[in-house]
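Please look through the sequence and the three-dimensional structure shown here before reading on.

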Amino acid sequence: MSNTIEDNISDLFSKSHAAIDKFDYFMCSVSAGLCAYIGQTFSPHNSSLGYSLFTMMALISLALSFYGGYKRIQYNIAITKENQRLLELEEKLRQACETIEQMKDKEKAGSGIAIFTTDTGKKYTLSEKENQKESFQIEIAKLNQAIKSDLDSAIRYAKSRDYSLLFGFLGVLFAKAFQF
């Protein structure tokens, strides 16, 4: 059994999507785990202002990292749903275009008024099908814009998660240096 290129592309996309999801969950877990661990043992010391300051900075940074990771996961879920809806609309658009061409061919052949009956028994005129095609195109354009916006937000949250985690680690290191 040979796989087509489309099957291979789909398989690679699925594996890539799963890997990205696992990485996002892992980063979110690291941030939450470190924040919880440091938070449970932290109590401000008046004698060591540097330790308290850097530990608080680390806690805040790790909490921000968790929030960024959480929002990234939320946006990824939204993007996946939007992509699913986009594929559905593109298929409906393709079918509408095919139907319109068939109806135009029937009109040219002079086989009467072009009416299309769907499996559900609903009848469409050529102008109704063209209006439907236009509404699909408008909805696809809006959905593409929403996906782009959500993708930009997901990338922004991933960067904030990563930088906050880095600052959290640095805060922990500096706090340990001031602890002694």
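**From the fold to the side chains**

Read from one end of the sequence to the other, the protein follows the pattern α-α-β-β-α. Its secondary structure comes to three helices and two strands, where helices (H or I, at least four residues) and strands (E, at least two) are DSSP runs numbered from the N terminus. This is a predicted model, in which local features need pLDDT of at least 70 and side-chain atom pairs count only at pLDDT 80 or more, while totals for chains, interfaces and linings use all residues. Residues are numbered from 1 along each chain as its sequence is written, and side-chain values use heavy atoms, with hydrogens and water left out.

How much of the protein counts as buried? Of its 180 residues, 28% do, where buried means under 20% relative accessible area, exposed over 50%, and partly exposed in between (1.4 Å probe, protein chains only). The protein exposes about 12,300 Å², and carbon and sulfur atoms supply 61% of this area; such areas come from the Shrake-Rupley method with a 1.4 Å probe, and for residues only the protein chains shown count as cover.

We can now turn to charged side chains. The structure holds 10 salt bridges, a salt bridge being a side-chain nitrogen of Lys or Arg within 4 Å of a carboxyl oxygen of Asp or Glu. One of them is formed by the side chains of aspartate 24 and arginine 161, with 2.8 Å from N to O. Aspartate 24 lies in helix H1 (residues 5–41) and arginine 161 in helix H3 (residues 126–179), so this pair ties together parts that are 137 residues apart in sequence. Are these two partners buried or exposed? Aspartate 24 counts as buried, at 1% relative accessibility, and arginine 161 is buried as well, with a relative accessible area of 2%.

Arginine 161 also meets aspartate 162 in a salt bridge, again with 2.8 Å from N to O, and aspartate 162 is partly exposed, with a relative accessible area of 34%. Through salt bridges that share partners, Asp24, Arg72, Arg161 and Asp162 are joined into one network. Another salt bridge is formed by lysine 148 and aspartate 152, whose closest N and O atoms are 3.3 Å apart. Both of these residues lie in helix H3, four residues apart, which is about one turn of the helix. Lysine 148 is partly exposed, with a relative accessible area of 48%, and aspartate 152 counts as partly exposed at 35%.

Aromatic rings provide another set of links to follow. The structure holds five aromatic pairs, where rings of Phe, Tyr and Trp (its six-membered ring) pair if their centres lie within 6.5 Å, and planes under 30 degrees apart count as stacked, over 60 as edge-to-face and the rest as tilted. Phenylalanine 54 and phenylalanine 178 form a stacked pair, with 5.3 Å centre to centre and 20° between the planes. Phenylalanine 54 lies in helix H2 (residues 49–109) and phenylalanine 178 in helix H3, so the pair ties together parts that are 124 residues apart in sequence. Phenylalanine 178 counts as partly exposed, at 43% relative accessibility. Tyrosine 67 and tyrosine 157 form an edge-to-face pair, with 6.2 Å centre to centre and 80° between the planes. Because tyrosine 67 lies in helix H2 and tyrosine 157 in helix H3, this pair ties together parts that are 90 residues apart in sequence. Tyrosine 67 counts as partly exposed at 44% relative accessibility, and tyrosine 157 counts as partly exposed at 22%.

Phe178 also belongs to one aromatic cluster with Phe54 and Phe174. Leaving aside residues up to four places away in sequence, serine 164 touches Ser61, Leu62, Leu64 and Ser65.

Technical notes:
Contact means heavy atoms within 4.5 Å.
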